[in-house]
Amino acid sequence: EAKKSFGDYANCVTNYGLAFRSVGKQYLDKGRLPEIFPIEQISEFLKLKTFSIDGFQFTKNNQAHDILKTIIKYCYSTDEEINLNHFYSDIFKDNSEYQSIASRYGNKIVKYSRQLKEHMFSIKSNFPITHDIYVKIWALSKPDLSNYDLIIGDEFQDVNPVFYQVIKDQPCQKLIVGDQYQSIFEWRGAVDAMGMMGIDKKLYLSKSFRFGNNVADLSKLIIKDQLGENICIKGFENINTVIDYSPTVYNNFTVLCRTNAVCLRYLIEVYKVNKKVKFIGETTKMIRYIYDIMALRSKRQAKGSLSIFKTYRDLVEYTKTPMGGEIKTLISIIDNARKNGIDIKHLIDIFRNSSGTRKPDIIITTSHSSKGLEFNNVMLANDFKRPGDDNWEKQDGHLLYTACTRVKQNLDVSRCSAITSILK
């Protein structure tokens, strides 16, 4: 889309695309960028053993996941070497009571992480890597983008420190665009890069040309309720966007959800009555996962990305880790579909058909995937959170605000208690 707007005189590329062209491609060519990272290889490579500290037991699996998380956190940073600030473990995430144990465990994880990082960085090694590895290598090489007259950084509220530093260090003029309330990728290391940049001149776009004043008023109410802050945003007076507070039927509409799990549940339900539905997500990957999950359940060898798991039990153990959430969701969806009489072949057909649907009556996607998009008619699902809900975070406020501001004509909030509860 950007290429169509700017033409041939501009290079339109993602942050990761810049690093991939320069560094990442050589790792892909060697087959070192797997779809799912084989955690077991970390344990085998480092010869990890289960150990205890003051009654806390750390399994090989725990250590391997924490080592990878620590390396990724280091890759997001501007630091040249891994240190204790990069140590990450879900075991101690909300447990300040055990800081002494966490520190001793963290020192071990940092030591292992440094060992593994050397092999991941080496072009001579065959050890698999994540995409963040080649980005860090690229950033440490101090890339020179001085052949460009101007760098325009879009969605800069979701840039992580390593990309922020690369752009900041360039000698050319820079123009950055973003909305701090649409920062929804903090879990991927995003920081307030706009506030850090040291901007010479700020220009505020306080009026939206997508929707009318009633949606702008609702957006202000969401930010006030979720974050306790006041924002200045106006709608376009020539647009009459309608907010529906009771269930409304549109000829075509988009369902926006907070999670993929709710997206897929909607997809299965809607597909029963309307085949012209489109799911915006990684459909092909999910189909491969389904085949592999069913193979492992049948005690057969998985052939795709899940072939790194020897048994279904190993896969289930993986779903209990922070990185296994997507597979856990998919297993739940498979089980629920089968309870409702939808066999695996039918489920795969739903995924496959919905990804190729042209001119759909219904689009189903997440708030994350809707970023930068706009739709005529939007229905908000009921999985968005309010302050006080379990595990609510600031990002939940940003997700709801982002979803609400995708609409152009009609917004159905009747099912979204995170909104209806603040209107009473």
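A residue counts as buried when its relative accessible area is under 20%, as exposed when it is over 50%, and as partly exposed in between (1.4 Å probe, protein chains only). By this definition both faces of strand β6 are covered. Phe-253, Val-255 and Cys-257 are buried on one side, and Thr-254 and Leu-256 on the other. The structure is a predicted model, in which local features need pLDDT of at least 70 and side-chain atom pairs count only at pLDDT 80 or more, while totals for chains, interfaces and linings use all residues. Residues are numbered from 1 along each chain as its sequence is written, and side-chain values use heavy atoms, with hydrogens and water left out.

Helices (H or I, at least four residues) and strands (E, at least two) are DSSP runs, numbered from the N terminus. Strand β6 belongs to an open sheet of six strands. The strand order is β5-β10-β9-β6-β8-β7, and the pairing is parallel. Two strands pair if DSSP finds at least two bridges between them. The edge strands, β5 (242–244) and β7 (277–279), each pair on one side only. Neighbouring strands of the sheet are turned against each other by 25° on average, direction ignored.

Within this sheet, β6 (residues 253–257) runs parallel to β8 (residues 362–366), and five bridges join the two. Phe-253 stands opposite Ile-362 of β8. Val-255 has Ile-364 as its bridge partner in β8. Three bridges link β6 to β9, again in the parallel sense. There, Val-255 has Met-379 as its bridge partner.

Helix packing was examined next. Helix α11 (residues 283–297) packs against helix α14 (residues 344–355) at an angle of about 170°, and their axes lie 9 Å apart. Axes are lines fitted to C-alpha atoms, for helices over the stretch in contact, and angles run from 0 to 180 degrees between N-to-C directions. Angles under 35 degrees count as roughly parallel, over 145 as roughly antiparallel, 65 to 115 as roughly perpendicular and the rest as oblique. The two helices, α11 and α14, are therefore roughly antiparallel. Contact means heavy atoms within 4.5 Å. On the α11 side it involves Thr-283, Met-286, Ile-287, Ile-290, Tyr-291 and Met-294. On the α14 side it involves Ile-344, Leu-347, Ile-348, Phe-351, Arg-352 and Ser-355.

Helix α4 (residues 60–76) has 17 residues. From first C-alpha to last it reaches 25 Å, close to the 24 Å expected at 1.5 Å a residue. The expected span is 1.5 Å times one less than the number of residues. Because 12 of its 17 residues are buried, α4 is largely enclosed by the rest of the structure. Among the buried residues of α4 are His-65, Asp-66, Leu-68, Ile-71 and Tyr-74.

Helix α7 is also mostly covered, with six of its eight residues buried. These are Pro-161, Val-162, Phe-163, Tyr-164, Val-166 and Ile-167. They pack against α2, α4, α6, β3, β4 (173–176) and α8.

A nonpolar core is a set of buried Ala, Val, Leu, Ile, Met, Phe, Trp, Tyr and Cys residues joined through side-chain atoms within 4.5 Å. The largest such core has 54 residues, of which Ile-42 and Met-120 touch the most other members. Elements giving two or more residues to this core include α2 (15–29), α3 (39–46), α4, α5 (99–121) and α7 (161–168). Beyond its neighbours within four places in sequence, Met-120 is in contact with residues including Tyr-27, Phe-37, Leu-68, Ile-71 and Ile-133.

Most residues other than glycine have a negative phi. Lys-142, in the loop between α6 and β3 (150–153), has a positive phi near 55°. It is exposed, at 58% relative accessibility. Asn-391 has a positive phi of about 60° and lies in the loop between β9 (375–380) and α15 (394–404). Its relative accessible area is 65%, so Asn-391 is exposed. Phe-236 sits in the loop between α9 (213–227) and β5. At 21% relative accessibility, Phe-236 is partly exposed. Leaving aside neighbours within four places in sequence, Phe-236 is in contact with Lys-207, Ser-208, Phe-209, Phe-211 and Gly-212. The C-alpha atoms of Phe-236 and Asp-132 are 40 Å apart.
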